[in-house]
Amino acid sequence: MKVVVIQGPNLNMLGLREQNIYGPMKLEDIHAQMRAFAEQNGMEIEFFQSNLEGEIVDKIQECLGDANGIIINPAAYTHTSIAIRDAIAAVQLPTIEVHISNIYRREEFRQKSLIAPVCAGQISGFGPFSYHLAMVAMLQIFNEMKALQEAQKQQQA
């Protein structure tokens with residue numbers, strides 16, 4: 001099973017920007033931990049980061065037929081992007097929205113996610129560990145998908 005991790009604007013600046021909110025860990029370090037989890041659990045993983053909304057939409061669309069699930073931190077686009085929301089809804093892949101900070105304890109404009117309603121779930125507020133929790137959740141979704149497929153095969157037999 002393959003998961004694509006999509007990182008939104010300014011996440012390439014992790015470890016440098018607002019460490020009081022996002023902590024000192026760099027994006028590469030988060031990805032290394034995710035890659036290790038994927039390898040330990042027989043998952044394929046791919047990473048993508050862009051500061052451009054259209055590139056994120058293109059990457060989501062590319063996941064159709066190439067991936068089994070998406071983990072996305074849309075960053076600031078969480079609160080503004082109908083285009084990203086529509087792309088996630090269109091591909092119909094299990095998607096988990098992730099945030100390092102607890103968006104519900106931040107400024108009022110950050111407390112509304114346009115993305116969450118089209119996702120399987122949202123994880124926020126656990127720092128970089130939010131990504132690990134998303135990997136555990138995606139593994140559970142993959143296991144449930146596999147069990148459902150096996151049950152359907154047995155029914156047909």
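Leaving aside its neighbours within four places in sequence, Val3 is in contact, which here means heavy atoms within 4.5 Å, with Met43, Glu44, Ile45, Glu46, Gly69, Ile70, Ile71, Met135, Met138 and Phe142. The structure is a predicted model, in which local features need pLDDT of at least 70 and side-chain atom pairs count only at pLDDT 80 or more, while totals for chains, interfaces and linings use all residues. Residues are numbered from 1 along each chain as its sequence is written, and side-chain values use heavy atoms, with hydrogens and water left out.

Val3 also belongs to the largest nonpolar core, which has 25 residues, and together with Met34, Met43, Ile71 and Met135 it touches the most other members. A nonpolar core is a set of buried Ala, Val, Leu, Ile, Met, Phe, Trp, Tyr and Cys residues joined through side-chain atoms within 4.5 Å, and buried means under 20% relative accessible area, whereas exposed means over 50% and partly exposed lies in between, with a 1.4 Å probe and protein chains only. At least two residues of this core come from each of β1, α2 (27-40), β4 and α5 (129-156), where the names stand for DSSP runs numbered from the N terminus, helices being H or I with at least four residues and strands being E with at least two. Helix α5 gives the largest share of this core, seven residues. A second, separate core holds 18 residues, among them Ile72, Ile84, Ala87 and Ile115.

We can now turn to a pair of helices. Two packed helices are described by the angle between their axes and the distance between the axes. Helix α3 (residues 53-62) packs with helix α4 (residues 82-91) at an angle of about 5°, and their axes are 9 Å apart; the axes are lines fitted to C-alpha atoms, for helices over the stretch in contact, and angles run from 0 to 180 degrees between N-to-C directions. The two helices α3 and α4 are therefore roughly parallel to each other, a term for angles under 35 degrees, while those over 145 count as roughly antiparallel, 65 to 115 as roughly perpendicular and the rest as oblique. On the α3 side, Glu53, Ile56, Val57, Ile60 and Gln61 meet Ala83, Ile84, Ala87, Ile88 and Val91 in α4.

Within α3, the residues Ile56, Val57, Lys59 and Ile60 are buried. They lie on the same side of α3, because they cover an arc of only 160° around the axis, the arc being that of the directions from the helix axis to the C-beta atoms. The buried residues of α3 pack against β1 (2-7), β2 (44-49), β3 (69-73) and α4.

Leu64, in the loop between α3 and β3, counts as exposed because its relative accessibility is 53%, and beyond its neighbours within four places in sequence it is in contact with Val91 and Leu93. Ser101, by contrast, is in the loop between β4 (95-99) and β5 (121-124) and counts as buried at 8% relative accessibility. Not counting residues up to four places away in sequence, Ser101 touches Ile21, Tyr22, Arg106, Ser124 and Gly125.

Asn10, in the loop between β1 and α1 (19-22), is a residue other than glycine with a positive phi, near 70°, and at 39% relative accessibility Asn10 counts as partly exposed. Ala75, in the loop between β3 and α4, has a positive phi of about 55° although it is not a glycine, and Ala75 counts as buried at 16% relative accessibility.
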